[in-house]
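Thanks for coming, everyone. I have one structure to walk you through today.

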Amino acid sequence: MNELRGRVARTFCADPAATPVAEIRGHASTVLQRYQRGLDERLVDHVLEVAALGPEDCLRAGSMSGVDTLLVGDGAAVPGVVCDESRWLAATGEVCPVCGAPTRHSPDVLDALAAAVIETGGSARQIAADLMPDEYLVAAKLRFPPPPPGRTNGS
Ligand SMILES: [Zn+2]
């Protein structure tokens, strides 16, 4: 029990002789899940303070390697476009405004964004959908303040 107690977020009373092991394990995993959820909740709060919110802002920041921590709501998927040459990401646009190459359509550009964030040394995390504010499928903690919106949609 000592080893177990050291790993979980808070202690709970269990008499090893009287409590079936499965029950202890079940309890421990519930505590761990709650602990992880608490961490995620704080992460969401923290990220929302210095953040890009919503797919458009996050994609713009991700295109400039500006994302430190990306939070994607569980099950969120947004169709978009990807430039394989310069790693530009956006919701729409047939031509990449960075390098002029034709873009590739992606059924879930958030997935490409998550990969790009990890590639540039950031982290990406899937968050329980109910922890994310309803209006945002995705949020990102930024490395630097985002530039004002520009002509990045290629239209
Ligand atoms: Zn490009």
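Some ground rules. This is a predicted model, where local features need pLDDT of at least 70, side-chain atom pairs count only at pLDDT 80 or more, and totals for chains, interfaces and linings use all residues. Residues are numbered from 1 along each chain as its sequence is written, and side-chain values use heavy atoms, with hydrogens and water left out.

The layout. How many helices and strands does the chain have? It has four helices and seven strands. Helices here are DSSP runs of H or I with at least four residues, strands are runs of E with at least two, and both are numbered from the N terminus. Along the sequence the pattern reads α-α-β-α-β-β-β-β-α-β-β. The chain has 155 residues, and 35% of them are buried. Buried means under 20% relative accessible area, exposed means over 50%, and partly exposed is in between, with a 1.4 Å probe and protein chains only. Now contacts, meaning heavy atoms within 4.5 Å. Take those in the chain with a separation of 6 or more: 68% are between residues 24 or more positions apart.

Next, the zinc ion. Which protein atoms are its donors? They are Cys83 (SG), Ser86 (OG), Cys96 (SG) and Cys99 (SG), at 2.0 to 2.2 Å. A donor is an N, O or S atom within 2.8 Å of the metal, or 3.2 Å for Na, K and Ca; water is not among the atoms, so sites may look incomplete. The angles between the four donor atoms run from 101 to 121 degrees, so the arrangement is tetrahedral. The test for four donors is that all angles lie between 85 and 135 degrees. Along the chain, the donor spacing is C-x2-S-x9-C-x2-C. Look at two of these donors. Serine 86 sits in the loop between strand 3 (80–82) and strand 4 (89–90), and cysteine 99 in the loop between strand 4 and strand 5 (104–106), so this pair ties together parts that are 13 residues apart in sequence.

Serine 86 is partly exposed, with a relative accessible area of 25%. Cysteine 99 is also partly exposed, at 39%. And disulfides, meaning pairs of cysteine sulfur atoms within 2.5 Å? A search of the whole structure finds zero.

Pairing needs at least two bridges found by DSSP between two strands. Strand 3 and strand 5 have three bridges. Within that pairing, valine 82 has arginine 104 of strand 5 as its bridge partner.

Move to strand 7, residues 138–142. Four of its five residues are buried. Strand 1 (residues 51–53) pairs with strand 7 in the antiparallel sense over three bridges, and alanine 51 stands opposite lysine 141. Strand 2 (residues 67–73) also pairs antiparallel with strand 7, over five bridges. There, leucine 71 stands opposite alanine 139.

Stay on strand 2 for threonine 69. Threonine 69 is buried, at 11% relative accessibility. Its side chain makes a polar contact of 3.0 Å with the side chain of aspartate 68. A polar contact is a pair of N or O atoms within 3.5 Å; within protein, one must be able to donate a hydrogen and the other to accept it, and residues adjacent in sequence count only if both atoms are side-chain atoms. Beyond neighbours within four places in sequence, threonine 69 is in contact with Val47, Ser123, Ala139, Ala140 and Lys141.

Last, the helices. Helix 3 covers residues 54–63, and seven of its ten residues are buried. Among them are Cys58, Leu59 and Arg60. Cysteine 58 is at 0% relative accessibility. What do the buried residues of helix 3 pack against? Strand 1, strand 2, strand 4, helix 4 (109–119) and strand 7. After helix 3 comes serine 65, with a positive phi near 55 degrees.

Helix 4 holds alanine 112. Alanine 112 is partly exposed, at 23%. Not counting residues up to four places away in sequence, alanine 112 touches Val82 and Leu89. Alanine 112 and leucine 59 are 53 residues apart in sequence, and 9.6 Å apart in space, C-alpha to C-alpha.

How values were computed. Four donors count as tetrahedral if all angles lie between 85 and 135 degrees; four count as square planar and six as octahedral if opposite donors are over 155 degrees apart and all others between 65 and 115; anything else is irregular. A disulfide is a pair of cysteine sulfur atoms within 2.5 Å.
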